[in-house]
Every structure is written in C-alpha cells, then in structure tokens.
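Dear colleague,

Please find below the structure that I am handing over to you.

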Amino acid sequence: MSTLPELSGQVAVVTGASRGIGYAVAEALVARGDRVCITARGEDALKEAVEQLGPERVIGVAGKAHDEAHQAAVVAATMEAFGRVDHLVNNAGTNPVFGPIADLDLNVARKVFETNVISALGFAQQTWKAWQSGHGGTIVNISSLAGISASPGIGAYGISKAAMINLTAQLAHEFAPGVRVNTIAPAVVKTKFAQALYEGHEAEVAASYPLGRLGVPTDIGGVAAFLTSEQSAWITGQTLVVDGGILLNAGVG
C-alpha cells in the first residue's frame, strides 16, 4: 500500500489469508489502520501477501490451521509483534471432495471438520486466553450458505459450516459481554477455492442471482470490517447471509 492510514490501535488475526476472502478481509482491516497477522499453509504465497498488504503493518505465520501448535504460535507472534489481539477472523477452510456423502470417506470428513470447525475453536481459545478475556474484542467466523441448506456434492463442507454457525452461537454466549462473535455466510464468491462451482458457466450461474453477479472477495471483506467495528457494537451471535439475494429464489416456483 502506497499511503498507510493512521493506526487504529486495533490488531487482528486473519486465518487462511494469502488469497481470496481471507486476503480481502485483511486488506479491509489494514485499510482502516489495523495491524494484522495473517496465516496460510503456503509460506511463499503468505510472504507475497504480506508484501502486498504492507510489511509495516502485517506479519505472516505459515502453518496448518488445525495444528494446535500453529494456533498457539500465531497468537504468540501477534502478541510479540503488536502487543494485543482485538479481532479474530476464522477464514481457513477446506473442501477436498465432491460427491454424495453416502460414499464419503470418513477420514476425509474428519479432515474437513478439523480444518473448518476445530481450528476455529482452537484459534478462539487462543485469542481469548491471550487477550480478549481481559480486554474484549470480536470474532468473525466465515461460514457458508452451504451451512444453512442442503448442498449437494459438498455435503461434508456444508455440515462443517453448519457446525461453525452453532459454534458462533456458543462462543457468543460464553464470551459475552466483552467479546462479540458473529458469522458471515457467503454464497458463491469468485475465488480459486470456489472455482469448480462456476468455472466455464459463470454467466449462467450469475444469472440465477437477483443481483445479477457472483460475489467477489471484497464483498466479504467489507462485511468483516463492519462486524469487527464499533458500528456493529450491538450485534452478537448472528449469521449474516451475504448472497446476492440467491435465497430469495427459495420461495419461487
């Protein structure tokens, strides 16, 4: 970033942030003056993201989201670099299979839950113990529209995202009043992660959305910035659907 905004005094951890939604979230937080620690599995991609976001305000810690040692290392590095961790955005996720859950390898299901749900809980525990229990803050979990209704072909992913929505409610209740916890449930967003859902027929998919297009990462970044700001100070335990209006079609036909 060529011109750095004035520091907000706030610090965030964003997981799965070397690209896509996580990167857009980190970008939105840096743009308002936050200092940010981002995570991802790939060290090279993570370093590139840090350079693009601005190493004056951003650090990166590479590792697997479901690894407890990695979770602890991320929060420790954030505390060492910035002295606090006000916001946590759990974006890291995986969806390694496509097909009916009747044929799903249960070890794959376990991997999906470890990455998509247990890691979010682990990071929440770490930020709570390190800073938020005594100082407050926010947690935003990135779920999915697949967690709200049936999601043929990506059932394990959808089940894990439904669990993430309930995890949000549990954390919101337990961490209140100091820490607000909310979920964003996007529909299809144009990322490498979601390419299989629209590649080769994007116009056809987009035409089914009342707003006439698929989401882009900045659509979610802006919502995350809102949910980690004082503008949302009376919102907790909620799932905010960001879907271009696609759920409106549920009652049509």
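In which hand, left or right, does α3 pass α4? The crossing of α3 past α4 is right-handed. Please note that this is a predicted model.

Overall composition

The chain contains seven helices and seven strands. Read from the N terminus, its elements follow the order β-α-β-α-β-α-β-α-β-α-β-α-α-β. The chain has a radius of gyration of 17 Å, close to the 18 Å that the globule rule gives for 253 residues, so it is as compact as a globular protein of that length. Along the principal axes, the C-alpha atoms fill a box of roughly 55 × 40 × 40 Å.

The sheet

Strands of a sheet pair through backbone hydrogen bonds, in either a parallel or an antiparallel manner. Here, seven strands make up an open sheet with parallel pairing, in the order β3-β2-β1-β4-β5-β6-β7. Its edges are β3 (58-62) and β7 (239-242), each of which pairs on one side only. On average, neighbouring strands of this sheet are turned by 15° against each other, direction ignored.

Strand β2 (residues 35-40) runs parallel to β3 and is joined to it by five bridges. Within this pair, Ile-38 has Gly-60 in β3 as its bridge partner.

Two helices may be described together with the sheet. Helix α1 (residues 20-31) packs on it and touches β1 (11-14), β2, β3, β4 (87-90) and β5 (137-142); the direction of α1 makes about 175° with that of β1. Helix α2 (residues 43-53) also packs on the sheet, where it touches β2 and β3, and its direction makes about 175° with that of β3.

Helix pairs

Two packed helices are described by the angle between their axes and the distance between the axes.

For α1 and α2, the axes come within 11 Å and cross at roughly 30°. With angles under 35 degrees counted as roughly parallel, α1 and α2 are therefore roughly parallel to each other. The crossing of α1 past α2 is right-handed. Tyr-23, Ala-26, Glu-27 and Val-30 of α1 make the contact with Ala-49, Gln-52 and Leu-53 of α2. By class, the residues of this contact divide into five nonpolar, one polar and one charged.

For helix α3 (residues 68-82) and helix α4 (residues 106-135), the packing angle is about 35° and the axes lie 9 Å apart. On the α3 side, the residues that meet α4 are His-70, Gln-71, Ala-72, Val-74, Val-75 and Met-79; their counterparts in α4 include Phe-123, Thr-127 and Trp-131. The contact of α3 with α4 comprises seven nonpolar, six polar and no charged residues.

For α4 and α5, the axes are 8 Å apart and the angle is about 20°, and the two helices are therefore roughly parallel to each other. Their crossing is right-handed. Among the residues that meet here are Phe-113, Leu-121 and Trp-128 in α4, and Tyr-157, Met-164 and Phe-175 in α5. The contact of α4 with α5 has 15 nonpolar, two polar and one charged residues.

A cis peptide bond

Finally, Ala-176 and Pro-177 are joined by a cis peptide bond, with omega at about 0°. Pro-177 is placed in the loop between α5 (155-175) and β6 (179-186).

Yours sincerely

Technical notes. Residues numbered from 1 in each chain as written. Predicted model: local features only at pLDDT ≥ 70, side-chain atom pairs only at ≥ 80, totals over all residues. Heavy atoms only, no water. Pairing = 2+ DSSP bridges. Helix = DSSP H or I, 4+ residues; strand = E, 2+ residues; numbered from the N terminus. Axes fitted to C-alpha atoms, helices over the stretch in contact; angles between N-to-C directions. Contact = heavy atoms within 4.5 Å. Left-handed = near helix turned anticlockwise from the far one by under 90°. Nonpolar A, V, L, I, M, F, W, Y, C, P; charged D, E, K, R; others polar. Parallel < 35°, antiparallel > 145°, perpendicular 65-115°, else oblique. Rg over C-alpha atoms; globule rule 2.2 N^0.38 Å.
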